[in-house]
Amino acid sequence: MKRSMGVAAWMALVAVIGAVPLLTDDRYLLKVLVFVGINVIIVSGLALLFGYAGQISLGHAAFVGIGAYASAYVTSGLGLPWLVGVLAGTTLAAIGGLLLAMPSLRLRGHYLAMATLGFNEIMYVIFREARAVTGGNDGLSGIPFPEVLGVRMDTPASIYLLVWGTALVVVFLVANIVRGRPGRAMRGLHGSEIGALACGVDVARLKIRTFAVSAGLAGLAGTLYAHAVGFVAPSTFSLEQSVVLLAIVVVGGTGSLAGPVIASIALTLLPYADALIPGLGKDVIAFLQDWEADIYGIAMIVVVVLAPKGIGGLIRAARSRSRAEETG
Amino acid sequence: MGSAELLQYVVAGFKSGAIYALVALGFTLVYGSTGIINFAQGEFFMLGGVLSVFYYRLGLPLLLAALAGVVTTAGVGLAFERLALRPRRDAGALVLIIITIGGSMVMKSLTRHIFGPDEATLPEFTPGPSIAFGGVAIERQALWLWGLTIVAVLALTWLYRKTRFGRAMRACSLSHDAARLMGIDTARVVMVSFGLAAALGALAGLAVTPLTQTAWDVGATAGMKGFAAAILGGLGNPVASVIGGLVLGLLESLSVAFLSSTYKDAIALIVLLIVLFLRPQGLIGRARREKV
């Protein structure tokens, strides 16, 4: 019964996501939804790392940047096919995660936060200064649209479907990881590293692999971003962006995947609320965009102080309440 | 490169090094009594400069404006600890990191809303031409920076070693529970540490404003470099933090002299990562064994 409900929920999700381009051809809305989908992919990976394994990263925007620049360079610089760019971007970001995770094994908590922050800042300097590959402050433009087997995805609807199709697969895979053995090991690690070690979890290996998977997903999102927008510049991958991503996961709640996914949809849509609510005044949008950092910062503090389990905790509480009513 | 020119780079390095040292002292103070790395420390630096400019433009004399800037920033530090951190004082490191990151976002963004996005500056404390010394020109403001750093580190060392409150702080750094059992008001120690750290950060931020200007967004870099300095010397030890700051400033300045200025800002980051990965206890600090 539980299993069939899970399948039904996934089918419904696919149907809703697939129906959007049939119902609307509003270019602005589809573009905003593409950004939402990209953030869903990044946040799923970060939820795995932070929410389940308890490892903080203030460097995820840099992994997104590695994916975006690598894919942009491989396709528009070297003229290779789109899929090669996606593979290169994702792999390179995952390797970056691996290389950052290995020396970070000794670090936890505050020190890991600082190390990943330093990593993001160093990558930011590289994005800005390695002009031959990254185009410096001006960035890279003219990145080609995604193209597989001669099919060019150059309409907003096709890019929307590509991004959200990828996002669905990613969320499905991450959901399976957290439900299985690695997920249990991660929760053990989050609870007590020494406890997990005592239960036979290879903590070092688990940390490195989780970091690599999480960074790889960020890189994948970066490649999608580069080809969807056609332009990349350093400011998209700054430390502030890493902090925003972490804020989304915090608001979504630790130990949950649905929570962070919902949070990433809601918080990414917030500054573009006019795409969904057409009557919304320009001044409201200007206000939301101007006060975005304040809203994120306050949301972070309020959630960890008042509702530490975030949106995911609220979902769990509602579920157990309805279950209690069922059994009466 | 002549020796006078090299010496000029050394002076420049110690000038920014003094700033890093003052910010590092703030990190060390909070870490010493709480074990928290305060990701909002750089914003205290920013607030010190921006608020002093605000008071100065209101017509206060420079000294009073600076004092008011420091006091207001200390107030912000106290309020932040009381309102945001204390409710989750017993939570793990991750939660506290998140709170200080959220706090830094809000402080930075609110400052832009209230005081505007423009850069601003203060006059030098003692205006006048640079002082020539052995073929090297030293700005008067640099003397102020060094003086303030020396006073700050002496005062902190005195506080730690000689006062009742300093003993309470050291007790807190060993064990909050044991300190509380000995009748120490640990909540007060933590709050005062935050207030003092905020004041120190503000002092650094306003003292450097005549040289570099200030704005709502200067906090992140200052915080990052101050932390690199603190960890280079050894977190939790005031003298080590100051040495870390001076060494970092010198490294940056020499990298400009011998390499290029393009990657100057990367020096602190590379130092930060190398120290974190190889010797997290710092050059001077002793390793802390983590207990189960």
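This is a predicted model: local features need pLDDT of at least 70, side-chain atom pairs count only at pLDDT 80 or more; totals for chains, interfaces and linings use all residues.
**Entry 1: confidence**

The average pLDDT of chain A is 89, and 99% of its residues score at least 70. Helix H9 of chain A (residues 193-198) has the lowest confidence, with a mean of 81. Helix H3 of chain A (residues 60-77) has the highest, at 95.

**Entry 2: chain A as a whole**

I counted the elements next. Chain A holds 15 helices and four strands. Its radius of gyration is 20 Å, close to the 20 Å from the globule rule for 328 residues, so chain A is as compact as a globular protein of that length. I noted the box as well: the C-alpha atoms of chain A fill roughly 60 × 50 × 40 Å along the principal axes. Of its 328 residues, 47% count as buried. I also checked how far apart in sequence the contacts reach. Among contacts in chain A with a separation of 6 or more, 78% are between residues 24 or more positions apart.

**Entry 3: chain B as a whole**

I repeated the survey for chain B. It has 11 helices and two strands. Reading from the N terminus, I get the order α-α-α-α-β-β-α-α-α-α-α-α-α. The radius of gyration of chain B is 19 Å, which agrees with the value near 19 Å for a compact globule of 292 residues. The C-alpha trace of chain B spans about 60 × 45 × 35 Å along its principal axes. I find 52% of the 292 residues in chain B buried. For contacts in chain B between residues at least 6 apart in sequence, 76% join residues at least 24 apart.

**Entry 4: where the chains meet**

**Entry 5: the largest core**

I turned to the nonpolar cores. The largest has 194 residues. A:Met300 and B:Leu22 have the most contacts inside it. Helix H2 of chain A (residues 27-52) gives the most to this core, with 17 residues. I then asked what A:Met300 touches. Leaving out residues up to four places away in sequence, I list A:Ala247, A:Val250 and A:Val251 from chain A.

**Entry 6: one helix of chain B**

I picked helix H6 of chain B (residues 164-174). Which of its residues are buried? They are B:Ala168, B:Met169 and B:Cys172. Seen down the axis of H6(B), these buried residues fall within an arc of 100°, so they line one face of the helix. An α-helix has 3.6 residues a turn, so residues three or four places apart point the same way. I also looked for what covers the buried residues of H6(B). The cover includes helices H1 (3-34), H5 (140-162), H7 (176-181) and H8 of chain B.

I stopped at B:Gln213. It has a positive phi of about 70°, although it is not a glycine. I located B:Gln213 in the loop between helix H8 (186-212) and helix H9 (219-233) of chain B. Is B:Gln213 buried, partly exposed or exposed? It has 15 C-beta neighbours inside 10 Å, so B:Gln213 counts as partly exposed.

Definitions and conventions:
Residues are numbered from 1 along each chain as its sequence is written. Chains are lettered from A and ligands numbered from 1 in the order in which they are written. A nonpolar core is a set of buried Ala, Val, Leu, Ile, Met, Phe, Trp, Tyr and Cys residues joined through C-beta atoms within 7 Å. A residue is buried if 20 or more other C-beta atoms lie within 10 Å of its own, exposed if 12 or fewer, and partly exposed in between; C-beta atoms are placed from the backbone. Two residues are in contact if their C-beta atoms, placed from the backbone, lie within 7 Å. pLDDT is the predictor's confidence in each residue, from 0 to 100. The radius of gyration is taken over C-alpha atoms; the globule rule is 2.2 Å times the number of residues to the power 0.38. The arc is that of the directions from the helix axis to the C-beta atoms.
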